[in-house]
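Hi,

Here is the structure I said I would pass on.

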Amino acid sequence: MQPGDEYESEAHRPGTRELLHVIAGSLRLTVNEDNRELGEGEAASFDAGVPHRYANEGKVPLRFMMTVLEPLVRVRP
């Protein structure tokens, strides 16, 4: 993400988790009303079943990895 970029996500289905790892720069993570700043090398995991936001409020590009873990949905034959 470039400086000043942000992304707002609606809630995912209940039980979804997200894992973030900051590779370079800093990431402002907002989950509901809770704000957290993650720096290079830091990681976070959170309940993505609520609205959340990622933002680069720094002056350098942000690089991060994100993994989304959705609960298994069983389908009956």
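Predicted model: local features only at pLDDT ≥ 70, side-chain atom pairs only at ≥ 80, totals over all residues.

The overall make-up is quick to describe: the protein has 7 strands and 0 helices. Reading from the N terminus, the order of elements is β-β-β-β-β-β-β. If you take the C-alpha trace along its principal axes, it spans about 50 × 20 × 15 Å.

Next, contacts and surface. Among contacts with a separation of 6 or more, 68% are between residues 24 or more positions apart. The chain has 77 residues, and 26% of them count as buried. As for the accessible surface, it comes to about 5300 Å², with 51% of that belonging to carbon and sulfur atoms.

On charge, I get 13 negative and 9 positive side chains. The centres of those two sets lie 8 Å apart.

Now for the hairpin, which you can follow on the display. Strand 3 covers residues 27-31 and strand 4 covers residues 34-38, and the two pair in the antiparallel sense over 5 bridges. What stands opposite Leu 38 of strand 4? That would be Leu 27. Between strand 3 and strand 4 there are 2 residues. Asn 32 sits in that turn and has a positive phi of about 55 degrees.

One general point for when you look along the strands: in a regular strand, side chains alternate between the two faces of the sheet.

Cheers

How values were computed: Residues numbered from 1 in each chain as written. Heavy atoms only, no water. Pairing = 2+ DSSP bridges. Helix = DSSP H or I, 4+ residues; strand = E, 2+ residues; numbered from the N terminus. Buried < 20%, exposed > 50% of the residue type's maximum accessible area, 1.4 Å probe, protein only. Contact = heavy atoms within 4.5 Å. Areas by Shrake-Rupley, 256 points an atom, 1.4 Å probe, with all protein chains shown as cover. Lys, Arg positive; Asp, Glu negative; His and termini not counted. Charge placed at Lys NZ, Arg CZ, Asp CG, Glu CD.
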